[in-house]
Amino acid sequence: MINKVVEVAKEAGEVIRNGFRSNIQIEFKTDAGNLVTNIDKASEKIILEFIKKEYPSHSIIAEESGNVSKSSEYKWVVDPLDGTTNFAHGLPIFSVSIGLQKNDEIILGVIYDVMRNTMYTAEKGSGAFENGKKIKVSTNGTLLESNLVTGFAYDPDKNFTEALKYFGDFIRLTRGVRRLGSAAIDFCYVASGVFDGFWEAKLSPWDVCAGLLIVEEAGGKTSDFKGNKVRIDSDSFLATNGNVHTKMLEVLGK
Ligand code: IPD
Ligand code: CA
Ligand code: CA
């Protein structure tokens, strides 16, 4: 199954790559900063056609076209283009993210970093991989030596004061904090040891489904900001190498 998902992620990625820095059509979604382009939609069409053809009995949550509800224990969770603002502005950091749940447990995750032509994959219990090579989280155990990443919700009313406070706190306490603009890539970089931790509130299921599994399968730890087990519809997300998890929770608890 995972090989087929990898193929469709590549196919969608090719459409995105061809659309990059071309004459794209941008529309605004509900929030002012929340964009969608014709390329997001074209990518989603490819992925949804694949799922509907191969797994017609499965449910789907997809960012641009909503839900397909079936009485199935399987649910696909699809972000056809994670990092749309980067894409729309010509910044080459964006991805395709496809996750699969069985009875609410994430069992498969595929994230394609389009411009780096890098595929991240995980199946429950089988480890995490970058272009087929096993990956592991970092081993660093101190905040002082940590390289972290975060993101901000499109709607500044959602949690802006809190988000800026955490940003300031972690900048003071660590080696650095980055904001890349693709939550799916943020998770992959935690899984491959580039970042020691990623935190963000108010993400959507399609931003996190594949990434959570990839981090866990790379030996990392995930929770919400209070340390509780996360679901794909949780309100906040923390993904780390495990060693700095409690230290980051202490900061997020203040
Ligand atoms: C966004 C990206 C970004 C995160 C936002 C997401 P989109 O997804 O993942 O990194 O900070 O919260 O909404 O809209 O580009 O698919
Ligand atoms: Ca997204
Ligand atoms: Ca998206």
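The structure is a predicted model, in which local features need pLDDT of at least 70 and side-chain atom pairs count only at pLDDT 80 or more, while totals for chains, interfaces and linings use all residues. Residues are numbered from 1 along each chain as its sequence is written, and side-chain values use heavy atoms, with hydrogens and water left out.

On the side of domain 1 that touches domain 2, the elements giving two or more residues include β3 (59–62), β5 (74–82), α3 (84–88) and β6 (95–102); helices (H or I, at least four residues) and strands (E, at least two) are DSSP runs, numbered from the N terminus. The largest share of this side, 7 residues, is supplied by β7.

The protein is divided into domain 1 (2–134) and domain 2 (147–252), with bounds from an automatic or database domain assignment. Contact (heavy atoms within 4.5 Å) involves 40 residues from domain 1 and 25 residues from domain 2. The two domains bury about 2,400 Å² between them, 66% of it on carbon and sulfur atoms; buried area is the accessible area (1.4 Å probe) lost on being put together, summed over both parts.

Across the interface 1 salt bridge is found, defined as a side-chain nitrogen of Lys or Arg within 4 Å of a carboxyl oxygen of Asp or Glu. The side chains of R231 and D104 meet in a salt bridge at 3.8 Å, N to O.

How values were computed: Chains are lettered from A and ligands numbered from 1 in the order in which they are written.
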